[in-house]
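Subject: The structure we talked about

Hi there,

Here is the structure I promised to pass on. Have a look at it first, and then read on for what I found.

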Amino acid sequence: MKTNVCMVAAALLLCACSGGDREAVRERSVYLTRPEALSEETVKSYSGIVKEAHEISLGFKTAGQIARIHVAEGDRVRRGQLLAELDDTDYRLGVEALQVQYDQVRDEVKRTERLLAQKSISPNDYEKASAGLKQLEVQLQANKNKLNYTKLYAPVDGYIQAVNFSPAEMVDAGTALFTLLDVSQMEVMVDIPGSLYRQRGEFVRFACRAAGIDEAMPLVLTSLTPKADGNQLYRMQLAFEQRPDSRLTAGMNVEVEVALGDSTAARGFAVPLQALFQQGDSACVWLFRPDSTVTCRRVELDGIDGEGRAVVSKGLTGDESIVRAGVHVLKEGEKVRVIEAPGSTNVGGLL
């Protein structure tokens, strides 16, 4: 009898163990996802071109014969770099002649100053001598300036676009010897359609991208022409917020990104439609908890976004992991097993 009782107890124990195994086997597998925050901006892209901020015509401030040209077309120059020189022989002689005359008159003024102290000359004679010295001083400085003007320096950083004369040629004051592209400040020019122009009040930020440069470069709007051209396009000019990448050059094509703040965009998060289920009058999702169980979370919906996802306006923070599919067969507190992606036999991820 005792033997039979022991056998029954062992059988019950075996059944209990096997029943537990079956529960473990029945543990459901789920595929998780995270809510995606919806952007309130719409970004549109257009082709633009990089331009130098200014094109400068450079010439000497005095006339003369060109002695040396130190740069060629296409050269990059730095501010203060010597570009060209005139023959300064005559200007140098003019300075030397006036310097001798100035020194002589200065000595005479010193003598008249001593005579005035001795009351040997009148104050009027001393004032005339001083005035003559002042005039010579001004003339001497003017000639020194002309001597300095025989050297032409770059006023800004840039590129020499054109060299219009050669050494030994004569040039007048102000004649354009070089055309300099000022690249100390670069800008981007882009033509936009009327549909975007009408949304100009919604512009929030600008950036551009160039081939071979990974980072987007922020821009600021400097001008927007209010009149359309023959192709019904409006010209927009933008400046770089910071010094642009050195690989960016004038004439380079760029992709200009214009971000618009969309007041009609839904606020909240996007989740797959299959992650939702109905509980009473409320829409819900299953949240995955650290102990591998799921719990129901009620959410409020605000339509569907452009990619066919449900827009959740309330109920989620964006940090949750939610069950993506198979939500209709789960129960509150049920323990689940996470899989990385739908299996080959789980077509559509429907579990």
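Is Lys119 buried or exposed? It is exposed, with a relative accessible area of 75%. Please keep in mind throughout that this is a predicted model.

Most residues other than glycine have a negative phi. Lys119 is not a glycine, yet its phi is positive, at about 60°. You will find Lys119 in the loop between helix 2 and helix 3. Ala168 also has a positive phi without being a glycine, in this case about 85°. Ala168 belongs to the loop that runs between strand 8 (158–163) and strand 9 (170–171), and with a relative accessible area of 49% it is partly exposed.

Helix 2 covers residues 89–117 and helix 3 covers residues 123–148; their axes come within 9 Å and cross at roughly 160°. Since angles over 145 degrees count as roughly antiparallel, helix 2 is roughly antiparallel to helix 3. The crossing of helix 2 past helix 3 is left-handed. As for what lines the contact between helix 2 and helix 3, its residues comprise 14 nonpolar, 8 polar and 6 charged.

Now for the aromatic side chains. The model contains 3 aromatic pairs. One of them is Tyr197 with Tyr234: the ring centres are 4.0 Å apart and the planes are at 5°, so this pair is stacked. Tyr197 is in helix 4 (residues 194–197) and Tyr234 is in strand 13 (residues 233–240), so the pair links parts of the chain that are distant, 37 residues apart. Both Tyr197 and Tyr234 are buried.

Phe277 and Trp286 make another stacked pair, with 4.9 Å from centre to centre and 20° between the planes. Phe277 has a relative accessible area of 8% and is buried, and Trp286, at 4% relative accessibility, counts as buried as well.

At 9% relative accessibility, Met186 counts as buried. What separates Met186 and Glu52 in sequence and in space? They are 134 residues apart in sequence, while their C-alpha atoms are 4.8 Å apart in space.

Happy to go through any of this together.

Best wishes

Notes: Residues are numbered from 1 along each chain as its sequence is written. This is a predicted model: local features need pLDDT of at least 70, side-chain atom pairs count only at pLDDT 80 or more; totals for chains, interfaces and linings use all residues. Side-chain values use heavy atoms; hydrogens and water are left out. Rings of Phe, Tyr and Trp (its six-membered ring) pair if their centres lie within 6.5 Å; planes under 30 degrees apart count as stacked, over 60 as edge-to-face and the rest as tilted. Helices (H or I, at least four residues) and strands (E, at least two) are DSSP runs, numbered from the N terminus. Buried means under 20% relative accessible area, exposed over 50%, partly exposed in between (1.4 Å probe, protein chains only). Axes are lines fitted to C-alpha atoms, for helices over the stretch in contact, and angles run from 0 to 180 degrees between N-to-C directions. Angles under 35 degrees count as roughly parallel, over 145 as roughly antiparallel, 65 to 115 as roughly perpendicular and the rest as oblique. A crossing is left-handed if the near helix is turned anticlockwise from the far one by less than a right angle, and right-handed if clockwise. Ala, Val, Leu, Ile, Met, Phe, Trp, Tyr, Cys and Pro count as nonpolar, Asp, Glu, Lys and Arg as charged, and the others, Gly among them, as polar.
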